[in-house]
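Let's take a friendly walk through this model, strand by strand and then out to the ligand. Have the sequence and the 3D view open as you read.

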Amino acid sequence: MAEASKIEWTDSTFNPWIGCTKISPGCDRCYAERLVTRYRWTLWGPHGDRKRTSAANWRKPIQWNSQATVFQAEHSHRQRVFCASLADVFDNKADPTTRADLFELIKATPNLDWLLLTKRPQLMARFLPKDWGNGYPNVWLGSTMEDQERYDQRWPLLRDTPAAIRFISYEPAIGPIVLDAGGTQPDWIISGGESGPGSRLMQPAWARAVRDQCQSRGIAFMHKQWGNYPSNPIVAEDGKSAKDAKLSDHDGKGGAILDGRLWREFPRH
Ligand code: SF4
């Protein structure tokens, strides 16, 4: 389960285990659940397993770490590893030994930047390792906040947890978000609409508002994708067909252009 990723904001993905439970409106159309259920890798949900991935999979980050000089020369940045696309690192059903092994692996791979993204920031304090200190230098800690309610609940938890980089995944965006006006801000926000069957619409105004807030606060901003063409402003605002929109905007799912440009900023690290 470790491979070059098609996700715009990471280079690779790593899943220490597979399996999770829906806990948030953003989980309603969970891609991981669909994939895992289709291939019967494990039973999804509270009664399912958290199935540890193979030893060969666990060796991949060690290999990437050893090839970091080559990666840097080719890509002009450190290799980013998203953990986890088919699980949640802070899931309370996960095996504590496997999670401890994950943090040992992260420490053993200082040439990689690990992007830990969770919908359970309330459990970070409980499950981060004892030697976390001010945050491992190679970990970017992130939480999904798909609407204002989730932002209000989760940002204070992430804000108050030490980390080298803090980021917000505003994806799938299912409502507008107004960031706190003052105080500590995230280093990075990734926005994106929902993709896949039955996806909910993202309003272009929500992406604009978050972009503008990022710009005025010095936060790096990435608009990953609209998720579906009906959410794309070429369709939603300009009245063109999805087919036409696809011809002029084909990044990500549903295109990604916002007001004439792709937003692909990353935090300084
Ligand atoms: S937390 Fe993530 S992986 Fe788990 S059910 Fe929700 S969307 Fe899926």
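## Ground rules

Two strands count as paired if DSSP finds at least two bridges between them. Helices (H or I, at least four residues) and strands (E, at least two) are DSSP runs, numbered from the N terminus. This is a predicted model, in which local features need pLDDT of at least 70 and side-chain atom pairs count only at pLDDT 80 or more, while totals for chains, interfaces and linings use all residues. Residues are numbered from 1 along each chain as its sequence is written.

## Parallel strands

Start at β6, which runs parallel to β7 and is joined to it by five bridges. Here Thr 118 stands opposite Ser 143 in β7. From β7 the chain passes through helix α6 (residues 148-159) to β8, a right-handed β-α-β crossover; right-handed means that, with the strands pointing away from the viewer, the path from the first strand over the helix to the second runs clockwise. Strands β7 and β8 also pair in the parallel sense, over five bridges, and Thr 144 faces Ser 169 in β8.

Four bridges join β8 (residues 165-170) to β9, and the two run parallel. On to β10 (residues 220-225): five bridges link β9 to this strand, again in parallel, with Trp 188 opposite Ala 220. The β-α-β crossover from β9 to β10 goes through helix α7 (residues 204-217) and is right-handed.

## Buried strands, open helix

How many residues of strand β7 (residues 139-144) are buried? Six of its six are, where buried means that 20 or more other C-beta atoms lie within 10 Å of a residue's own, exposed means 12 or fewer, and partly exposed is in between, with C-beta atoms placed from the backbone. Val 139, Leu 141 and Ser 143 cover one face of β7, and Trp 140, Gly 142 and Thr 144 the other. Strand β9 (residues 188-192) is largely enclosed by the rest of the structure because five of its five residues are buried.

Helix α3 (residues 68-75) makes a contrast: zero of its eight residues are buried, so it lies largely in the open. Just after α3, Ser 76 takes a positive phi of about 60 degrees.

## Around the ligand

Which residues surround the ligand? They are Cys 20, Lys 22, Cys 27, Cys 30, Ala 32, Glu 33, Asp 88 and Lys 119, where near means a C-beta atom, placed from the backbone, within 6 Å. This shell divides into four nonpolar, no polar and four charged residues; Ala, Val, Leu, Ile, Met, Phe, Trp, Tyr, Cys and Pro count as nonpolar, Asp, Glu, Lys and Arg as charged, and the others, Gly among them, as polar.

Take a closer look at Cys 27, in the loop between β3 (17-18) and α1. With 17 other C-beta atoms within 10 Å, Cys 27 is partly exposed. Cys 27 and Lys 119 are 92 residues apart in sequence and 9.0 Å apart in space, C-alpha to C-alpha.
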